[in-house]
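Morning, everyone. I have one structure to go through today, so let me put it on the screen.

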Amino acid sequence: MNKVEQAIGKFSRGVNCAQSVLLTYCNELNLDMDSLLKLGNGLENVLCGDEVCGAVTGAMMVLDLKYGTNEIENKLSKEKAQQMIEIFSEKFKNMNCSMLCKDLIGCNLKQKGMIGYAREKGVFKDVCPKLIKDAINIIEELQCNVQEVV
């Protein structure tokens, strides 16, 4: 099973968009699943609706965890992570015209009745998995081309 299938499978079993991306990389990041579930847990209520797409947020966290630094003085790693996130953002926006959940799914989930509306329109079945797929594919593309970055 490839990473896209893993992430969409996790999403279909009930984790949010950010968690589905994060959990797909838990082994690669040498982090345990419990910690990553907690890390992405509160994002659903904060981000869903009118803020940044959860798949985008999860992807940015993956890139930060992979290329960022845990040393305050390590500016090179910090810059590399920032550049990876900038490239990711540009590619995602080019593919989807936005990184905002409400623009991507066509409704604001924070508004009354919109979760039901989104279910009826197949947003969680069709749109969100496509956005998760795009996020994973961009991460994979960046990892293949990492030597070209920075």
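What does the accessible surface of the chain come to, and what share of that surface belongs to carbon and sulfur atoms? The surface is about 8500 Å², and carbon and sulfur account for 49% of that area. Please keep in mind that this is a predicted model, and that the values I quote are computed from it.

Now the fold. The chain has nine helices and zero strands, so the pattern along the sequence is simply α-α-α-α-α-α-α-α-α. The radius of gyration is 15 Å, close to the 15 Å given by the globule rule for 150 residues, so the chain is as compact as a globular protein of that length. Along the principal axes, the C-alpha atoms fill a box of roughly 50 × 30 × 30 Å.

How much of the chain is buried? Of the 150 residues, 43% are buried. On contacts, take the pairs at least 6 apart in sequence: 67% of those contacts join residues at least 24 apart. As for charge, there are 18 positive and 20 negative charges in the chain, and their mean positions are 5 Å apart.

Next, the aromatics. The structure holds one aromatic pair. Its members are phenylalanine 88 and phenylalanine 92, and the pair is stacked, with 5.9 Å from centre to centre and 20° between the planes. The pair counts as stacked because the planes are under 30 degrees apart. Both residues sit in helix H6, residues 75-96, and being four residues apart they are separated by about one turn of the helix.

Cysteine 17 is in helix H2, residues 17-24. Its relative accessible area is 15%, and it counts as buried because the cut-off is under 20%. The C-alpha atoms of cysteine 17 and glycine 54 are 4.8 Å apart in space, although 37 residues separate the two in sequence.

The other one is leucine 36, in helix H3, residues 33-41. Leucine 36 is buried, with a relative accessible area of 2%. Beyond its neighbours within four places in sequence, leucine 36 is in contact with Leu22, Leu23, Cys26, Leu31 and Leu65. Serine 20 is 16 residues away from leucine 36 along the chain, and their C-alpha atoms are separated by 9.7 Å.

Last, the backbone. Most residues other than glycine have a negative phi. Where does asparagine 30 sit, given that its phi is positive? Asparagine 30 is in the loop between H2 and H3, with a phi of about 55°. At 70% relative accessibility, asparagine 30 is exposed.

Cysteine 97 is another non-glycine residue with a positive phi, near 70°. Its place is the loop between H6 and helix H7, the latter being residues 101-105. Cysteine 97 is exposed, at a relative accessible area of 73%, whereas cysteine 17 is buried.

That is what I had. I'll take questions.

Conventions: Residues numbered from 1 in each chain as written. Predicted model: local features only at pLDDT ≥ 70, side-chain atom pairs only at ≥ 80, totals over all residues. Heavy atoms only, no water. Helix = DSSP H or I, 4+ residues; strand = E, 2+ residues; numbered from the N terminus. Rg over C-alpha atoms; globule rule 2.2 N^0.38 Å. Buried < 20%, exposed > 50% of the residue type's maximum accessible area, 1.4 Å probe, protein only. Contact = heavy atoms within 4.5 Å. Areas by Shrake-Rupley, 256 points an atom, 1.4 Å probe, with all protein chains shown as cover. Lys, Arg positive; Asp, Glu negative; His and termini not counted. Charge placed at Lys NZ, Arg CZ, Asp CG, Glu CD. Phe/Tyr/Trp six-rings, centres within 6.5 Å; stacked < 30°, edge-to-face > 60°.
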